[in-house]
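Let's take a walk through this model together, stopping at a few loops and helices along the way. Have the coordinates open as you read.

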Amino acid sequence: MSFDEQFDVIVIGAGHAGCEAASASARLGAQTALVTLNLDLIGQMSCNPAIGGIAKGHIVREIDALGGIMGRVIDRTGIQFRLLNRSRGPAVQAPRAQADRALYRTEMRQVLEETPNLHLRQGLVIELLVEDGQIRGVEMQDTRRLRANAVVVATGTFLNGLVHTGRRTYTAGRAGEPASIELAESLKHLGFPVGRLKTGTPPRLDGRTIDWDNFEPQLADERPVPFSFSTETIEQPQVTCFIGYTNEDVHNSIRANIHESPLYSGQIKGVGPRYCPSIEDKVVKFPDKTRHQLFLEPEGHNTSEVYLNGFSTSMPAEFQQELVHKIPGLGEARIIRPGYAIEYDFIDPRELTPYLQTVRISGLFLAGQINGTTGYEEAACQGLLAGINAALYIQKREGFRLKRDESYIGVLMDDLITHGVDEPYRMFTSRAEHRLALRYDTADARLTPYGKNLGLVGDTLWEAFNARRQRLAHLRNALETTRFKRTDTTYRELAQILGDLGDSVTLAQLSQRQNVSHETICSLLPFSLREQISHSELETALADLLYCGYIQSQRDSFERIFHSDGLRLPVSFNFHTVSGLSHEMVERLERASPRTFGEARRVPGMTPAALSTLLVRLKLQQAA
């Protein structure tokens, strides 16, 4: 074969997976080419211009802790930061940020252009070049051939992409961009098992035509929680988002025209994401609901475009306009871009090793939606691992993987390669049996040493990490050893508010009491330490105290689950009668018809909580 250029690693696709893969590979010393259809759309947010959320925010923190780039980019371009689940425990709290879509794209490209060993190339890859079971490079539509002994395919929704808006269909990777048809055929020709999935997006509105007084403001946090451990403060101005609702008029119109939906006419064959349904899916599957929540989210500081979160649809464009006008406050709103659904090819992720390398072709790695996942964050973490392992493969070094008990990334990877997917995979905290130990604020303690050993975390970041680790150690020691006795003035002041505290009480013990705020604990710390630590470091130390006992209990429960595989399920067992099992878990179990608990445990998508609930029921039934 003759080639126009030669690299160590080629990354196909510059979405969230491709950007992380290319960055990691190049920074590990591999000469890396990032090939994309349009260099102006690097890091494009195809759907919601937001990063993070429940479990997803944890993943972004883990990406950052390993030395990835997504966290730093969103910190520089986020326009509304919010910590979700503030009223719940620290383990399920997670950062989320609305992004300035255009600025995020610009920032991501700049980060990549400044990366040594990284070369950006524009073009459409049409074929993977393979020789004797080993990847040799790629061929592009413009006849260029690029050589590399490792290739990362991160094509998102572009493989055989088919867009649906009402009865109208056309091939596209996303609206306005061509699908990757030839590359999809190349993968099939190589023998990979291919399936179809579906996702969708809502209409975008002209904010100048919205009556904002009809909507409830949703403010940014006064103290933004950044995604990157290297970000000290968020400097850019923050915006307000708004909350609204659909109504019965909207729902009745959808029901009367459901035959126009390609989702219900049979036109769409791919399986859609269960937890991000279209508005027509919500209306059909939840007929008792009189309204569904909507979020109106500005797409940036310098645009009037507004994302109508919660209103994903593939209904005809003119009908979308009718539906929007039925929502209070949107009576005069104009649609800038109609919503649509898109079907695309994916490859069974059980074809992968834990290093995201395919079993069939040496040197070929897959990352992102091609593996059956959905979401920017899930794609980015796969891209990071694929880029790391592609570079390690070239350098003939041992591959890198993460375990379930040390990261959400490890949970995702284990789920994918062990169980495969029967619908677009999305991360939830409930998927992680060790979630109490996988908080977003501990990602650095868990993963930054890996990043340092790999070479993705530089000396400056490593020194900052060690300084934070040392401050936390001093803080934990102070909480355990700072003690107030009955004879102390501070003790008497506390007892007047909290009641009897025994002969003495430590700060650690005080922190576990209700009505004792973090501010109170901070005020009681030695002054010299109080001046050194940050608010986030105090919250981390107090959360460690809160969960230490629960984590051990969770580990014991996990051990019990794994030692019960031989427990048999009666032939007539009715999963609907198990109190605490969600409809989704019942559906999955009924479809699989497991005969033992071990078989139930291996059903794709089963959560640790569901398995614990099922195990309790089986043991009670056995005892009876």
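We begin in the loop that links strand E21 (340–347) to strand E22 (364–366), where leucine 356 sits. Keep in mind that this is a predicted model. Leucine 356 has a positive phi, near 70°, although it is not a glycine. That deserves a second look, because most residues other than glycine have a negative phi. Leucine 356 is also buried, its relative accessible area being 0%.

A second case waits in the loop between helix H10 (376–394) and helix H11 (408–419), the place of lysine 396. Here too phi is positive in a residue other than glycine, near 55°. Lysine 396, however, is exposed, with a relative accessible area of 77%.

Now turn to helix H1 (residues 16–27). At 1.5 Å a residue, its twelve residues should span 16 Å, and the end C-alpha atoms lie 17 Å apart, so the two values agree. Eleven of the twelve residues in H1 are buried, leaving the helix mostly covered; among them are His16, Cys19 and Glu20. After H1 comes glycine 29, with a positive phi near 100°.

Our last stop is a helix pair. The axes of H12 (residues 443–454) and H13 (residues 459–481) come within 11 Å and cross at roughly 150°. The two helices are therefore roughly antiparallel, and their crossing is left-handed. On the H12 side, Asp444, Ala445, Thr448, Pro449 and Lys452 take part, meeting Asp459, Trp462, Phe465 and Arg468 of H13. These contact residues comprise four nonpolar, one polar and four charged.

Conventions. Residues numbered from 1 in each chain as written. Predicted model: local features only at pLDDT ≥ 70, side-chain atom pairs only at ≥ 80, totals over all residues. Heavy atoms only, no water. Axes fitted to C-alpha atoms, helices over the stretch in contact; angles between N-to-C directions. Helix = DSSP H or I, 4+ residues; strand = E, 2+ residues; numbered from the N terminus. Parallel < 35°, antiparallel > 145°, perpendicular 65-115°, else oblique. Left-handed = near helix turned anticlockwise from the far one by under 90°. Contact = heavy atoms within 4.5 Å. Nonpolar A, V, L, I, M, F, W, Y, C, P; charged D, E, K, R; others polar. Expected span 1.5 Å × (residues − 1). Buried < 20%, exposed > 50% of the residue type's maximum accessible area, 1.4 Å probe, protein only.
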